[in-house]
Amino acid sequence: SNEFKITLRGKGSHAAMPHLGLDPVPAACQLVTAFQTIVSRNKRPIDPGVISVTMIHAGEATNVVPDSVVLEGTVRTFTLELLD
């Protein structure tokens, strides 16, 4: 198994003025969804492999668009070929 950590950076803003920032949260959500298609569409069904996003950290207040999102998780396979 391998671990990964991805940091997406945007520009924080007040939630009442989101147009003044660059929200990294929607991009992080899209990335998590896209990871699932790697497993279902880019490997043979008989090759075991899994990508698990197990931690998502963003923001510290309910009224502030965060300036970054951190995704962490693991990739697990039985072969180096599939891992590559």
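Reader: Which residues line the largest pocket?

Author: This is a predicted model, and the pocket discussed here is the largest, with a volume of about 160 Å³. By class, its lining divides into seven nonpolar, three polar and two charged residues. By name, the lining residues are I38, V39, N42, K43, G49, V50, I51, V75, R76, T77, L82 and L83.

Reader: Which helices and strands each supply at least two residues of that lining?

Author: Because helices and strands are numbered from the N terminus, the elements can be listed in chain order. Those that each supply at least two residues of the lining are α1 (25-41), β3 (49-58), β5 (68-77) and α2 (80-83).

Reader: In what order do the three strands of the open sheet stand?

Author: Strand β1, residues 2-9, is joined to β5 by eight bridges, the two running antiparallel, and within this pairing N2 stands opposite V75. Strand β3 is joined to β5 by nine bridges, again antiparallel, with I56 opposite L71. The three strands therefore form an open sheet, since strands pair if at least two bridges are found between them, and the order is β1-β5-β3.

Reader: Which strands stand at the edges, and how much does the sheet twist on average from one strand to the next?

Author: Strands β1 and β3 each have a single partner strand, so one side of each is left without a neighbour in the sheet, and these two stand at the edges. From one strand to the next, the twist averages 20°.

Reader: At about what angle to β3 does α1 run?

Author: Helix α1 lies across β1, β3 and β5. With angles taken between N-to-C directions, α1 runs to β3 at about 170°.

Reader: What is the geometry of the one aromatic pair?

Author: The structure holds one aromatic pair, which links distant parts of the chain, with F4 in strand β1 and F35 in helix α1, 31 residues apart. The ring centres of F4 and F35 are 5.7 Å apart and their planes meet at 70°, so the pair is edge-to-face.

Reader: What separates the C-alpha atoms of L8 and P24?

Author: L8 is found in strand β1, and, leaving aside residues up to four places away in sequence, it touches P24, A27, A28, L31, D67, S68 and V69. Although L8 and P24 are 16 residues apart along the chain, their C-alpha atoms are separated by 6.2 Å.

Notes:
Residues are numbered from 1 along each chain as its sequence is written. This is a predicted model: local features need pLDDT of at least 70, side-chain atom pairs count only at pLDDT 80 or more; totals for chains, interfaces and linings use all residues. Side-chain values use heavy atoms; hydrogens and water are left out. On a 1 Å grid over the protein atoms alone, a cavity is a set of points where a 1.4 Å probe fits but cannot get out, and a pocket is an open set with protein on both sides within 12 Å along at least five of seven lines; lining residues have an atom within 4 Å of a point. Grid points are joined across faces, edges and corners, and a volume is the space filled by probe spheres set on the points. Helices (H or I, at least four residues) and strands (E, at least two) are DSSP runs, numbered from the N terminus. Ala, Val, Leu, Ile, Met, Phe, Trp, Tyr, Cys and Pro count as nonpolar, Asp, Glu, Lys and Arg as charged, and the others, Gly among them, as polar. Axes are lines fitted to C-alpha atoms, for helices over the stretch in contact, and angles run from 0 to 180 degrees between N-to-C directions. Contact means heavy atoms within 4.5 Å. Rings of Phe, Tyr and Trp (its six-membered ring) pair if their centres lie within 6.5 Å; planes under 30 degrees apart count as stacked, over 60 as edge-to-face and the rest as tilted.
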